[in-house]
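Please load the model and keep the selection tool at hand.

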Amino acid sequence: MNFFLKKLLIVVPTLYIAWTVVFVTLNIIPGDPVNLMLGGRPASDEVRENVRKNLGLDKPVIERYGSFLINATKGDLGKSYLTRQPVTKMIKENMWPTIELSIGGLIFGVFFGVLFGVFAGTKPNSIRDTISMIIALCGISLPSFWIGMMLIYIFGTTLGWVPIVGDGFVSLILPSISVGLFFAGGMARLTRSSLVDVLNQDYIRTARSKGISKYNIILKHSLRNAMIPPVTLLGIQFGLLITGAVITEEVFARPGLGQLLLQAILAKDIPLVQALVVYMTAVYIFLNLIVDFTYGIIDPRIRLERKNQ
Amino acid sequence: MDNLLEVSNLNTEFKSDYGSKQALHNISFKIKEGEVLALVGESGSGKTVTSLSIMGLLPNNASIKEGEIKLFNTNKDEIDILTLSDEKHNEIRGNDISMVFQEPMTCLNPTMTVGEQILEVIIRHKKISKINAKKEMIGLLELVEIPDPIQRSNEYPHQLSGGMRQRIMIAIALACNPKLIIADEPTSALDVTIQAQLLELLKKLKNSIVTKTSILFITHDLGIVKELADRVIVMYQGKIVEEGNVLDVFERPKHSYTNNLIQSLPEFKIEKRNKENIQNITKSDNEKLILSIKNIYKEFPVDKGIFKKSTETVKAVQNVSFDVKENKILGLVGESGSGKSTLGKTIIKLIEPTSGQINFKNQDISGFNKKKMQNIRQKMQMIFQDPFASLNPRKNILDTLMEPILVHNLMKKNEAKEYISQIINDVGLPSESLNRFPHEFSGGQRQRIGIARALVLKPEFIIADEPVSALDVSIQAQVLNLLETLKETYNLTMIFISHDLSVIEYFCDEVAVMYLGHIVEMAPVNKLFTNPKHSYTKALLSAVPKVKTKKTNKILIKGDIPSPINPPSGCVFRTRCPNPGIECTGGDIKMGLVEVEPNHWVDKCCVKLD
Ligand SMILES: Nc1ncnc2c1ncn2[C@@H]1O[C@H](COP(=O)(O)OP(=O)(O)OP(=O)(O)O)[C@@H](O)[C@H]1O
Ligand code: SF4
Ligand SMILES: [Mg+2]
């Protein structure tokens with residue numbers, strides 16, 4: 001069977017399982033949604049009953065679960081308790097800043113991660129290796145909200161090099177760094193260890209015996225082979241990229257899904273939270289699918305294996 | 001002849017946490033233009049370090065303390081290699097001096113097509129256009145006799161067999177018409193049949209290369225030296241102990257180490273034994289059967305992933321029947337992938353046969369479950385090839401040997417201790433070894449421990465799977481001697497699995513030749529080696545490079561062993577047979593052994609042709 005089809009076949013149940021978890025957790029949260037809906041205002045039983053009906057809460061859980069899955073598949077995730085707008089619309093409106101930020105973080109993380117990884121890995125146990133790895137460790141262990149605040153303080157407030165608010169490319173720099181630093185740290189460490197491993201392989205010795213320059217040995221013979229573990233990491237850490245974006249948006253007071261999610265959680269706006277999580281899981285699974293395909297591009301052995309299945 | 005390369009007074013050292021260790025001591029030698037110089041010596045003697053020193057590819061913890069390596073150019077300029085910068089050295093590597101490495105499986109980049117890997121070196125050193133370079137690349141593939149060169153050049157290393165990958169390595173080495181090719185054990189990881197193909201190729205190249213390319217051929221195999229080299233250097237513990245013309249060295253070795261090396265070759269030992277007539281013929285009256293297997297089949301389902309039910313099978317063992325007489329050694333020989341190890345494990349029931357009967361001491365054990373096998377296991381033991389992998393690294397030797405005794409309730413713990421130290425002495429190790437751990441032993445010593453572990457349960461029957469293949473020739477001889485004495489003292493019967501025909505010839509009483517799951521010929525050793533009947537046996541015997549006999553016409557086996565998932569119909573060997581009959585090519589004859597002379601069994605399709 002085609003590898004692509006097979007993967008898709010696995011994606012569908014994964015999505016449904018993820019959505020089920022979302023549904024179950026949000027529906028066992030204590031507190032009557034009707035109260036939340038009414039914003040704590042006192043109301044007669046009649047009104048409450050009406051609201052309940054409007055929300056579809058009078059139906060049995062199983063039925064609600066069924067229609068949730070069906071609607072989720074159609075992309076219809078109900079209306080927000082608070083704004084009474086369709087949640088899909090709210091998400092669409094707030095989507096772009098977050099996508100920009102995630103891509104910014106991703107680019108920063110991959111670029112500097114690989115750069116530092118290669119810088120360290122090509123000369124293991126040297127001073128430059130040690131320094132690079134200490135920086136990478138800082139990137140991993142420092143919380144991104146703190147980094148964000150520091151960046152604002154140093155480059156925005158004190159030095160005044162980059163604007164902290166506003167739109168456009170420049171204002172994206174600091175938030176991207178703050179999102180991507182964690183990523184960069186992990187990438188750097190993994191790229192380094194994987195590169196050190198590859199450089200000890202027999203085929204690198206063969207390349208050297210052919211008189212290939214150091215530069216080409218890294219570029220043509222090592223990097224591609226070394227990139228498989230970092231790409232895997234990429235897949236695993238997309239989730240962290242999303243949470244990173246959420247926190248960063250708060251720190252930089254940027255609009256976006258992060259802000260939306262935070263507001264939704266604070267207001268216990270269940271349909272909105274639910275919709276956001278549903279979307280994020282879908283994106284996460286989709287991105288992992290892309291990563292899966294990238295393996296095949298990097299490694300012909302994997303590509304062939306898939307063809308033969 | 002002019003000198004091409006002069007190595008003088010080379011001292012190379014390794015640094016480690018425990019201090020430094022000198023790997024090469026005052027190595028000096030010369031390579032002349034157009035000659036094949038062989039470098040022999042046991043593992044760790046410094047052969048590879050010598051070649052890497054010349055290539056400038058030593059690992060980071062190594063350094064050259066002293067010495068000079070001079071390369072003479074076409075216009076007789078001398079280049080002092082050791083003083084070159086890395087950039088300048090890169091001009092020479094792959095261009096003037098190139099190298100072929102031992103491990104064909106790992107030496108090529110898995111993410112580049114083999115064509116690209118050849119192209120790369122051409123473009124690097126010859127200033128020619130990509131189109132012309134491509135033409136040269138295809139030409140090189142033809143030169144090293146790769147079938148369908150255009151198609152193959154677009155494939156990745158893992159799509160090629162070991163033999164083909166090594167041909168690709170040779171193509172890379174030849175690409176820029178180098179003055180010197182260093183080949184470090186280029187055929188050691190391959191089957192004899194594939195080795196013979198490659199040696200034939202190298203010989204052809206050697207005779208056809210007009211530009212007087214020299215070859216430094218590193219090997220531990222003296223047979224190859226005899227076949228290929230003009231001169232030979234013998235290394236021992238980082239020093240050169242002997243140097244001279246191949247014929248002189250073999251006939252009149254000056255150094256005792258060289259002499260020992262030659263004397264420990266199985267072919268010499270066989271000759272010696274035949275002279276002294278050690279073989280005691282009267283002894284073979286004892287014809288009691290200990291093992292008799294009938295129509296054994298073993299097929300493994302092919303794993304196709306979770307979505308597909310597998311219908312294909314790997315046909316590892318096909319209709320094998322034979323008897324083993326008490327106190328005899330039956331050798332099992334064949335190329336890798338022929339099913340030797342599977343057959344061995346099936347007999348001892350480490351894996352279940354698909355069908356067939358295994359009679360051990362007049363008891364059919366093929367249907368026995370694990371519990372019933374417990375008692376049988378005690379009498380049947382197995383010795384494996386890789387002694388390190390089969391020993392638990394966290395257990396000392398005493399515990400390792402104690403365990404089976406306690407499991408089988410053979411004796412009490414304090415009794416066992418004495419018994420174990422007796423056995424460890426029998427395998428030639430001091431009793432103190434019992435308190436030590438596997439990593440503290442050399443390869444040969446570990447194999448002795450493996451043997452001791454097989455012996456503790458006082459078995460009557462042992463299956464030894466390539467027990468000496470990982471060992472150096474001289475150590476091999478010691479371990480074989482040990483097995484021979486033990487066979488007498490413990491009254492053992494053995495199945496001895498090996499791909500090395502000379503070891504089999506020296507060590508076994510009877511031989512069964514296996515190919516793609518079938519036994520194609522079986523006979524007492526001297527019959528089989530002097531009068532082989534099956535085409536495969538003949539080709540296999542002729543493939544072995546030997547020191548003694550001067551072989552003129554080799555029977556070469558074409559290509560690689562076919563997949564055991566879809567073996568050829570009819571005679572399984574017909575796709576590679578050097579001289580198939582007309583009846584064979586149709587693929588509809590049935591295989592099966594017939595007795596052509598007393599105790600000499602040959603596959604019946606091949607008999608008809610004689
Ligand atoms: N990377 C290394 N670090 C430390 N010592 C090494 C290293 N490589 C080789 N040596 C040592 O150098 C000596 C010579 O090793 P070398 O690899 O040249 O042997 P060889 O003759 O090629 O053996 P083989 O037949 O096993 O390939 C040995 O004592 C070995 O232990
Ligand atoms: S039966 Fe025919 S094809 Fe098979 S080995 Fe004999 S001669 Fe060759
Ligand atoms: Mg070596």
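Start by selecting B:D86 and A:K214 and showing their side chains. The two meet in a salt bridge, 3.9 Å from N to O; the term asks for a side-chain nitrogen of Lys or Arg within 4 Å of a carboxyl oxygen of Asp or Glu. Across the interface of chain B and chain A, four salt bridges are found by this rule.

A word on what you are looking at: this is a predicted model, in which local features need pLDDT of at least 70 and side-chain atom pairs count only at pLDDT 80 or more, while totals for chains, interfaces and linings use all residues. Residues are numbered from 1 along each chain as its sequence is written, chains are lettered from A and ligands numbered from 1 in the order in which they are written, and side-chain values use heavy atoms, with hydrogens and water left out.

Next, select the whole interface. Here 30 residues of chain B are in contact with 23 residues of chain A, contact being heavy atoms within 4.5 Å. The buried area is about 2,500 Å², with 55% from carbon and sulfur atoms; this is the accessible area (1.4 Å probe) that the two parts lose on being put together, summed over both.

Now color the side of chain B that touches chain A by element. Those giving two or more residues are α1 (47-55), α2 (86-92), β6 (97-100), α3 (114-125) and α6 (162-174) of chain B. Which element gives the largest share? It is α3(B), with five residues. Helices (H or I, at least four residues) and strands (E, at least two) are DSSP runs, numbered from the N terminus.

Move over to chain A and show it as a cartoon.

Select residues 87-121 of chain A, helix α5. Its 35 residues reach 47 Å from first C-alpha to last, close to the 51 Å expected at 1.5 Å a residue (1.5 Å times one less than the number of residues). Zoom in on A:M95, where a kink of about 45° lies shortly before the proline A:P97. The bend is the angle between axes fitted to the seven residues ending at a residue and the seven starting there.

Finish at α11 of chain A, residues 228-251. The end C-alpha atoms of α11(A) are 33 Å apart, in agreement with the 34 Å its 24 residues should span. Center on A:Q237 to see a kink of about 45°, then step to A:A253, just after the helix, which takes a positive phi of about 50°.
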